[in-house]
Amino acid sequence: MIATKENAKRRLMYIQKEDYNFLAYNILLVLSQFNANSESSSFKDFRKIAYLVHFINLNPDFNSYDQNELAKIYSQAQLKKQLMSHLLIILRNRKFIGMSINHIHQSFDIWINEENIPKDFLDKNFFEKEINNIRFLQSNISRLKGVTVKKMVDTIFTKNNIITWEV
């Protein structure tokens, strides 16, 4: 995928693979767009977000990537999961999100505490592209909010001939 000037500018703002701010915005955007605003409407299994970050910020059409690109995205997501688990604790301690243990999937279900988020924090104009990309993903992966991480990985990667390991 050829990077645009806008993408290049955003990369200068932060190192996407390691930046907590970048991941925090992605987590909060996903939770907001999925209306995951309480435990009963939580986003099931936070690990899915690690795989979606790339598609949210660049091109959401996972079928348009070649095998090498998808394999790289998959590998990078494996690294992001550990970083995200640390970030979730920080966001929870600051009361930006709520978390509950999902014993079935051995993960965390998460939701946004909108009352603790500044009103202009999730500026729909600034994040218009990311919001549109999230909507695209929602319409192309059925039940994305509640589907298992394995089913989502199968939809994005395995069906596109990417060898995946235990999620």
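**Aromatic pairs, core and hairpin in a predicted model**

Me: In this predicted model, are Phe55 and Phe157 buried or exposed?
Reply: Buried residues have under 20% relative accessible area. Phe55 falls in that class, and Phe157 does as well. The term for both Phe55 and Phe157 is buried.

Me: Which class of geometry describes the ring pair of Phe55 and Phe157?
Reply: A pair of aromatic rings is described by the distance of the centres and the angle of the planes. Phe55 lies in helix 3 and Phe157 in the segment after helix 6, 102 residues apart. Their ring centres are 6.3 Å apart with the planes at 50 degrees, so the pair is tilted.

Me: Which residues do ring pairs link into a cluster with Phe55 and Phe157?
Reply: Ring centres within 6.5 Å count as a pair. Through such pairs, Phe55 and Phe157 belong to a cluster whose other members are Tyr51, Phe62, Tyr65, Tyr74 and Trp165.

Me: Which element gives the largest share of the largest nonpolar core?
Reply: This core has 50 residues, and Ile27, Phe55, Ile110, Met152 and Phe157 touch the most other members. The elements giving two or more residues to it include helix 2 (20-33), helix 4 (67-93), strand 1 and strand 2. The largest share is 9 residues, and it comes from helix 4.

Me: How many bridges join strand 1 to strand 2?
Reply: Strand 1 and strand 2 form a hairpin with 4 residues between them, and Gln106 in the turn has a positive phi of about 50 degrees. The strands run antiparallel, and the number of bridges joining them is 6.

Me: Why is strand 1 described as largely enclosed?
Reply: Strand 1 covers residues 97-102. It is largely enclosed by the rest of the structure because the buried residues number 5 of the 6.

Me: What is the angle between the planes of Phe46 and Phe108?
Reply: Phe46 sits in the loop between helix 2 and helix 3, whereas Phe108 is in strand 2, 62 residues apart. Phe46 is buried, with a relative accessible area of 6%, while Phe108 is partly exposed at 29%. Their rings form a tilted pair, 6.1 Å centre to centre, with an angle between the planes of 35 degrees.

Me: How far from the ring centre of Phe43 is the charged end of Lys48?
Reply: Phe43 is among the residues that Ile110 touches. The charged end of Lys48 sits over the ring of Phe43, and its distance from the ring centre is 4.6 Å.

Terms used. Residues are numbered from 1 along each chain as its sequence is written. This is a predicted model: local features need pLDDT of at least 70, side-chain atom pairs count only at pLDDT 80 or more; totals for chains, interfaces and linings use all residues. Side-chain values use heavy atoms; hydrogens and water are left out. Buried means under 20% relative accessible area, exposed over 50%, partly exposed in between (1.4 Å probe, protein chains only). Two strands pair if DSSP finds at least two bridges between them. A nonpolar core is a set of buried Ala, Val, Leu, Ile, Met, Phe, Trp, Tyr and Cys residues joined through side-chain atoms within 4.5 Å. Contact means heavy atoms within 4.5 Å. Rings of Phe, Tyr and Trp (its six-membered ring) pair if their centres lie within 6.5 Å; planes under 30 degrees apart count as stacked, over 60 as edge-to-face and the rest as tilted. A charge sits over a ring if NZ of Lys or CZ of Arg is within 6 Å of the ring centre and within 35 degrees of the ring normal. Lists of a residue's contacts leave out its neighbours within four places in sequence.
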